[in-house]
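The following exercises are to be worked with the sequence and the model at hand. Each task is followed by a solution in steps.

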Amino acid sequence: DPLLLPPDQRDWYLTSAAVDTSKMFLLFGTSALGPASVARVDLQSFTASGSLALPAGVHNLRSAIAYGNFVYFATDNGLGSFAKIVEVRVDPLTEGRVLELNHRISYVKTGVLWEKFGIFMSRQDVSWAVKVNLETMLLEEELKLDVETDGHFISCAAVRDNLVYMGTDTFKARIAVLDPSTMDITTSVKVSTCAQGSNAGHFQTASIVGDDIVFAGT
C-alpha cells in the first residue's frame, strides 16, 4: 500500500532519496517554493517516522548520499544563488552542518559517494565537479568541465572501480569518466545512437547492473 507522508507547511515534492547505512531508514528530500524539508520513513514498519524543516536559504534537495549516521543532500538553489551541501543526522533526525559552494555552482543535480568524499556534479551550461570531505564538510577540490570535450548538464552518475561515470542531460548525450583521486577526466564519449538507431540523449539515471552501468534517458 502507498504511504501518505504527514502534512507540512511546505509542499511535498520528493526530488531525492537515500537509504541510511544502517538500512533502517529512508530519507526523502523535497523541492518546494520555500525552504526544503526532509521526510524519514522507517523501512521495517514502512511508516513515516519524522520530518525536518530546513532553514531559510536551503531549497530544492536534488541528490542524497548516505555516509555514517548522516545523509548529505545537495541543492538546486536556482536564480544564480550558491548551491549548498546539507548534512542531516538520521537518528535522531536533526539538522547538521551546511557547506555553501562557490558562486559558479548553483544547480547540483547528482552526487555519489567515493571513500569518505561526496563527489557532486552540477547541471549547468558550464558544469563543475566538486570533491567534498564528508567528515570535515570542507570543499577539497573542484573541476570545471570543458563543454566541448567533457560535456555539461551533468544529471546522473555512478561509481565503479574507483571511477565516476557521469551522464549528461543533453541531446546526443555524453558519458564522461572522472578519476576522483586526481579530479581529472580520463575519457569522454558522445553517445550518438542507441539500439533503436535514434539519438540517445537526456540521461536522467545511472545504475549499476552486474558488470555494467546502465544510463536511462528521456
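**Exercise 1.** Which residue in β4 does Ser37 stand opposite?

*Solution.* The model is predicted: local features require pLDDT of at least 70, side-chain atom pairs count only at pLDDT 80 or more, and totals for chains, interfaces and linings use all residues. Residues are numbered from 1 along each chain as its sequence is written, and side-chain values use heavy atoms, without hydrogens and water.

Step 1. Opposite Ser37 stands Ala53 of β4.

**Exercise 2.** State the order of the open sheet of four strands, and name its edge strands.

*Solution.* Step 1. The order is β1-β2-β3-β4, with antiparallel pairing.
Step 1. β1 (14–19) and β4 (47–53) each pair on one side only, which makes them the edge strands.

**Exercise 3.** Describe the hairpin of β17 and β18.

*Solution.* Step 1. β17 (203–209) is joined by six bridges to β18 (residues 212–217), and the strands run antiparallel.
Step 1. Phe203 has Gly217 in β18 as its bridge partner.
Step 2. Two residues lie between the strands, and Gly210 takes a positive phi near 60°.

Notes
Two strands pair if DSSP finds at least two bridges between them.
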